[in-house]
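Subject: Structure handover

Hi there,

Here is the structure I promised to pass on to you. Please have a look at it first, and then read my notes below.

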Amino acid sequence: MKSLIIVESPTKAKTIKKFLPKSVTVDSCNGHIRDLPASAKEIPAKLKKNKWANLGIDIDNEYEPLYVISPQKKKIVSRLKKLIKEADELILATDEDREGEGISWHIKDELKPKIPVKRMVFHEITEEAIDKALREFRDINMNLVNAQEARRVVDRLAGYTISPLLWKKIGPGLSAGRVQSVAVQLLVTRERERMRFRSGSYWDLKAVLGPAGQKIADSKDPSSLAFEAEMTHLDDKRLANGKDFDESTGKLKKPDSVVLLGSNEAAGLKEELLGAKWSVENIDIKVQKRSPAPPFITSTLQQEANRKFGYSARDTMRIAQKLYEEGYITYMRTDSTNLSNQAIQAARHAVERMYGEDYLSKKVRTYGRKSKGAQEAHEAIRPAGSYFRTPSDTSLSGREARLYDLIWKRTMATQMADARVEFTNVLIEAITESSRAQFKATGKKVLFPGFFRAYVEGSDDPEAKLEDRDTPLPSLQNEQELNCSDVIPVEHETKPPARFTEASLVKQLEKDGVGRPSTYATIIGTIMERDYVRKEGNALVPTFTAFAVTELLEKHFPDLVDEHFTSQMEQKLDDIATGKVDRLQYLKSYYEGEKGLKSMVENQESRIDPQDARHISLPVEGLNGMRVFLGRFGPYVQMKKEDGEDVMGSIPENMSPSDITVDKLKKLVKQSEQGPEPLGMDPESGEPVYVLTGRFGPYVQLGEVTEKDKKPKRVSLPKGLNESDVSLEIALKLLSLPKTLGEHPDTGKSVRAGIGRFGPYVVHDGMFQSLKKEDDILEIGFERALELLKQKKQKQKGKTSSVIKDMGEHPENGEKIQIMTGRYGPYIKYGKKNISIPKNRDAESLDMGAVLDLIKQKVG
């Protein structure tokens with residue numbers, strides 16, 4: 001019997017083939033073979049006259065979706081049809097979640113095979129798993145198919161109903177979505193909190209102490225008996241800390257209940273305390289057990305990969321998908337922390353073999369929890385098989401190796417013994433002639449590392465200490481006298497709420513039950529591509545566009561940005577998967593009726609004034625008539641002069657809403673109305689020298705824009721240099737760039753330094769090298785430039801280009817995709833084609849979705 005097995009990707013097909021007889025044909029469909037029409041040209045001519053055609057859903061016919069085969073998939077469908085004619089049975093082996101079930105159903109429904117059709121599922125690609133799956137066929141689960149289709153239909157209804165309204169009222173190219181809009185609203189709400197935040201300052205004191213009668217060395221020296229203690233009370237009244245301040249005023253909530261030290265008080269106390277009598281008042285020692293974190297699910301893998309490696313959620317899923325399809329890990333889209341008995345035994349054997357019996361958990365540790373609205377499949381993400389390959393036993397490298405190592409360690413840790421940590425809290429008394437102060441010292445000592453030997457969970461705070469670091473105190477006793485070698489006043493300022501990172505946003509969405517972990521990577525990618533958010537380091541910073549869209553939705557469609565409403569909606573969509581809720585009834589209730597989405601939009605559209613919709617309300621005090629709008633070419637500020645005339649000024653693209661101050665807005669308006677004031681005159685040309693702010697940030701300019709000279713010389717300010725710090729001397733140095741530093745001793749050709757679109761650089765004979773953080777473009781010398789160029793040459797020795805990011809395979813045709821750096825800048829290598837990256841795009845921050853868009857624009 002000839003069997004045809006269809007999977008999603010060429011990589012998965014290649015891996016499965018290793019475990020099957022040569023008589024079995026394995027081919028891939030490259031994801032969904034059909035979908036709702038992406039554009040009007042994909043709609044069949046005979047249906048274009050229907051009023052629902054552009055929507056792609058026949059509302060009056062039980063919300064029947066219009067599925068079309070995209071031009072890119074027609075060859076694949078033809079090939080699969082041909083293969084089916086040569087087979088005796090069709091085995092659909094797509095992933096076992098909703099999307100996978102939907103793909104299998106589409107294949108069966110579109111290709112209409114006349115041979116028997118079987119459904120084959122597995123959550124890891126190993127010989128044992130494939131063999132078992134071939135003996136346990138099942139039918140396509142229509143509840144899962146209906147759930148997948150309902151989600152697709154709801155997302156289309158939301159997007160195609162709300163997005164056109166945003167185009168009319170705010171601007172073209174905007175979009176709204178069931179989960180996307182909630183994610184953006186979370187970012188905007190946090191940014192508003194940061195803008196309303198008012199900082200408060202307070203002082204405390206830190207003492208360097210040690211046992212009396214013994215020499216106190218540096219407290220940072222591990223062999224030293226010295227330790228540090230922080231002041232907590234003065235005359236039995238607690239010192240103020242950050243939690244005591246009101247975030248909206250920067251003042252104490254209850255000023256009478258705490259002691260607020262200023263710089264003068266802290267300095268005075270220091271002098272008193274240096275002559276104080278110090279002694280141990282109380283010692284409290286506790287031993288705590290620390291248990292390992294559960295094995296990874298989709299969301300926690302995304303969070304941890306972002307924390308530890310800085311990977312985007314989309315990159316993490318792309319790498320994990322490759323690891324799964326190559327047989328290294330189990331299926332990567334899962335909400336379950338459960339581990340199979342096979343996995344538990346594999347982990348326990350590996351722990352005992354590598355670390356010894358003492359490090360093995362005495363009892364089998366199980367994790368049965370599922371996250372809110374968990375999907376139907378599988379177990380946690382773990383190394384595949386009944387024997388876990390160590391990272392060094394694989395042929396993996398780069399990003400794949402790092403992610404596999406992370407998964408391997410986390411899984412191993414689940415079956416390791418608890419860590420035992422001793423915490424010591426010492427209360428210390430300092431008596432002076434006029435006061436009594438209390439200090440507290442804390443120590444930590446790992447008594448038994450347990451699972452710390454394998455894995456310690458990261459943190460969103462890069463300064464947070466990992467739990468495997470010792471900070472012990474010397475041996476102390478109650479009433480023991482202490483010597484004080486120093487008292488250090490320390491100033492503190494309260495900090496605004498931290499911005500979301502990809503990791504913390506995923507965590508918040510999962511906590512609120514908004515969306516599902518398998519979709520978070522796509523959602524974050526979408527809001528970045530739509531210019532709702534940009535990255536500053538790891539932080540996600542909402543743009544003026546995000547503020548404008550969120551304000552409109554909050555005012556006119558509050559349910560669409562309410563996480564509780566969206567969470568309930570998710571639960572109903574999950575209930576369709578289990579058969580508890582009827583697909584058609586739910587879609588009708590969502591879209592039709594008085595409270596349905598269609599009526600809601602129709603009723604609100606006439607009430608939304610476009611000018612009001614483009615106005616951005618910012619929680620900034622003292623605006624006094626100044627208003628910020630989102631215009632066709634970006635954000636701008638508008639204010640009325642005394643004579644009633646409106647004047648405007650453009651806001652630079654690199655300025656975030658939270659950067660806005662009254663002074664900055666006034667400066668932008670003044671610059672627009674009066675023109676800039678020169679810093680001074682260039683002694684060589686006699687031309688004025690300006691520091692200006694443009695659409696892409698601040699720059700210096702020599703001369704004015706005239707009919708004769710429409711593009712006077714301009715140089716961007718290097719990162720870290722503020723406009724207010726630019727003097728005429730600095731401006732002239734910048735305008736002298738690019739400058740020649742000398743002639744290269746090997747070639748005699750010039751070595752130059754300048755500032756380009758990727759920042760400061762040195763260049764020789766067409767080879768560019770970016771300056772390091774410690775280098776100053778205005779001060780760099782010839783010898784340092786030669787050193788940087790030598791480093792670049794050694795790095796690129798033997799190759800004309802190097803890989804910036806390995807993106808994996810194209811989801812439709814399996815062609816390899818890489819982002820490269822070449823002689824003329826970064827580019828995309830797609831199979832045998834090279835595709836340039838636009839100058840306004842940062843090559844290193846491009847994710848797979850953005851890369852595929854660029855490929856489509858160039859190749860089609």
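Let me start with a proline: Pro738 sits in the loop between helix H20 (728-735) and strand E24. Helices (H or I, at least four residues) and strands (E, at least two) are DSSP runs, numbered from the N terminus. The peptide bond joining Leu737 and Pro738 is cis, with omega about -10 degrees.

Please keep in mind that this is a predicted model, where local features need pLDDT of at least 70, side-chain atom pairs count only at pLDDT 80 or more, and totals for chains, interfaces and linings use all residues. Residues are numbered from 1 along each chain as its sequence is written, and side-chain values use heavy atoms, with hydrogens and water left out.

Next, the sheet. Four strands form an open sheet in the order E24-E25-E26-E27, with antiparallel pairing; two strands pair if DSSP finds at least two bridges between them. At the edges are E24 (739-743) and E27 (767-770), each pairing on one side only. On average, neighbouring strands of this sheet are turned by 25 degrees against each other, direction ignored. E25 (residues 750-756) and E26 (residues 759-764) are joined by six bridges, and Gly754 has Tyr761 in E26 as its bridge partner. Helix H21 (residues 782-795) packs on the sheet and touches E24, E25, E26 and E27 (contact means heavy atoms within 4.5 Å). The direction of H21 makes about 105 degrees with that of E27; axes are lines fitted to C-alpha atoms, for helices over the stretch in contact, and angles run from 0 to 180 degrees between N-to-C directions.

Now to helix H9. Eleven of its 13 residues are buried, so H9 is largely enclosed by the rest of the structure (buried means under 20% relative accessible area, exposed over 50%, partly exposed in between, with a 1.4 Å probe and protein chains only). Among the buried residues are Arg314, Met317 and Tyr324. H9 packs against helix H11 (residues 398-414) at about 85 degrees, with the axes 10 Å apart. That makes the two helices, H9 and H11, roughly perpendicular (65 to 115 degrees). Residues of H9 including Asp315 and Leu323 meet Arg399, Glu400, Leu403 and Tyr404 in H11.

Finally, two backbone details. Asp235, not a glycine, has a positive phi of about 50 degrees and is partly exposed at 44% relative accessibility. Glu479 also has a positive phi, near 70 degrees, and is exposed, with a relative accessible area of 67%.

Best wishes

Definitions and conventions: Parallel < 35°, antiparallel > 145°, perpendicular 65-115°, else oblique.
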